[in-house]
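Let's walk through this fold together, one pairing at a time. Here is the structure to keep open as you read.

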Amino acid sequence: MDPPQPEWACADILIENGVITAIGPDLSDRVTDADLRIDASGHLVLPGLINAHFHSPVNFLKGALDSLPLELFMLYEVPSTPEAAVPPRAAYIRTLLGAAEMLKLGVTSVQDDAFFLPAPTRDEIDAVMSAYRDIGIRATVALDQPNLPEAAKLPFLADLVPPDLQRRLRAPAPMATQDLLRHYDYLLETWHGAAEGRLRAAVSCSAPQRVSTDYLTALDALSRRHDLPFYIHILETRLQRVFGEVCLDGRSLVRYVHDLGLLSDRMNVIHAVWIDDADIALIATSGAQVIHNPISNLRLGSGIMPFRRLAQAGVPIGLGSDEIIADDAVNMWSVAKTAALVHTIGDPDPDSWPVAGEILRCLFAGGAAAMRQSDRLGKIAVGYQADLVMLDLDSLPFTPLNDVARQLIYCDAGRAVVMTMVAGQVVMQGGRLLTIDEAALRSEARAIMATATPQRDALMRDAAEWLPHYRAMYRKMLTHDVGMNRWVGDADPTASRVGVPKHPSSPSRSSAA
């Protein structure tokens, strides 16, 4: 994935202190008997995969829900009651669980936009970071914590909720701005740069409509001071587009962040589905990256991101799995394949469809840029971190071998991963994790979930109480024309409201792009 030298047919890679120091056809004279030699004959060596967007706190909930729109889904994913808190050990085990799945499939770096319920604690922060340290993955972690009442984050809802629920809807967020910032101070002081630099901090506002402007501004200042990635979900859903129309004087959330002077090259603009051309121009000018989560977007019915228009504008694009509950795996090979395929149904021009090499650049270069580590990740090059994955070419995905790039994207190459290395340390080999006892991890995860069943059932009942009102909000949102369509085919949002086509013979207003 180094453009000047994209492929070596046969080469040695020399690694010292976790860094690649030489690449060449024969480096045996630079290796001593005391050094570890890994025979890669008959294998393909790649940079480690980068998962540019993830939420570890729902790692226990794979397969827990049927598909729902995000705002309804979040009732179950991010419950608002104090009873949602978990002990630090459970947070440690659930974080290990997701990291284990990633390492076994060749993911060496993850950006974890971790939320804490009902609010962060030092013990839970330590649990998450310790898990990433112990298993050996590279992780950049933020504290994803809104600080506004629920009523302020969503359009229409306050008028739809009955009086007995109004108090909870308007209740203050569990933690105030200054307390949240103190937890960021702790994250930075304790964990930023830990584990020989594998662990880093980022900042997150969750989404701009979920936080106050003073907190949004303070997070940006923190990001600027320490050169940290800034995770920000923007225009993931149509409802968020409508939020701008009715709550921000017609401004999109991209325009809102830009008007505050905060849109910058440090921002990971996550999802970016319901953006228009003016939004794309602002993102491109700012230098921000967009993180594409195609499986999550499909799972939640969010729509199809305008990939080609973003790419043509020069916006760097990374790929993310999003949380396990919205993907049900942490498989970046599946994410990459979906990203390569889903845009073929949004544009009839085949010359606009992504090709394999382009998706690979999103996976590696795009992910490294999102992590603000383009100078050390995403390539096999001298001076770069030795985050490597080895695939067996004598395997079904590569038999026969016709084109490396296309077979990496389309042929389920994850089945061929036989070794994962992070910072020069082999952490997975032959399907076995070398840093933890995976069988013990699985056993403890099952035991934790068995103990937590009453808690989970209570949270599900609470979510069900709110669900009819959130559905009413969603239906009302569909009556608002936003001048674009990011669903495919002849989807008509206003028709969806009543369950029959409004104009059965008319095409949709615009393509899903």
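Two strands count as paired if DSSP finds at least two bridges between them; the strands (E, at least two residues) and helices (H or I, at least four) are DSSP runs, numbered from the N terminus. What you're looking at is a predicted model, where local features need pLDDT of at least 70, side-chain atom pairs count only at pLDDT 80 or more, and totals for chains, interfaces and linings use all residues. Residues are numbered from 1 along each chain as its sequence is written, and side-chain values use heavy atoms, with hydrogens and water left out.

Start with the open sheet: 5 parallel-paired strands, ordered S8-S9-S10-S11-S12. Its edges are S8 (203–204) and S12 (317–319), each pairing on one side only. S12 runs parallel to S11 (residues 289–292), joined to it by 3 bridges, and Val-290 has Ile-317 in S12 as its bridge partner. Helix H15 (residues 356–370) packs on this sheet, touching S10 (267–271), S11 and S12, where contact means heavy atoms within 4.5 Å. The direction of H15 makes about 100 degrees with that of S12; axes are lines fitted to C-alpha atoms, for helices over the stretch in contact, and angles run from 0 to 180 degrees between N-to-C directions.

Now hop back to S1 (residues 12–16) and S2 (residues 19–24), an antiparallel pair with 5 bridges. Glu-16 sits opposite Val-19 in S2. This hairpin has 2 residues between its strands, and Asn-17 takes a positive phi near 55 degrees.

Finally, H17 (residues 438–451) packs against H18 (residues 453–478) at about 55 degrees, their axes 4 Å apart. Met-449, Ala-450 and Thr-451 in H17 meet Thr-453, Pro-454 and Arg-456 in H18.
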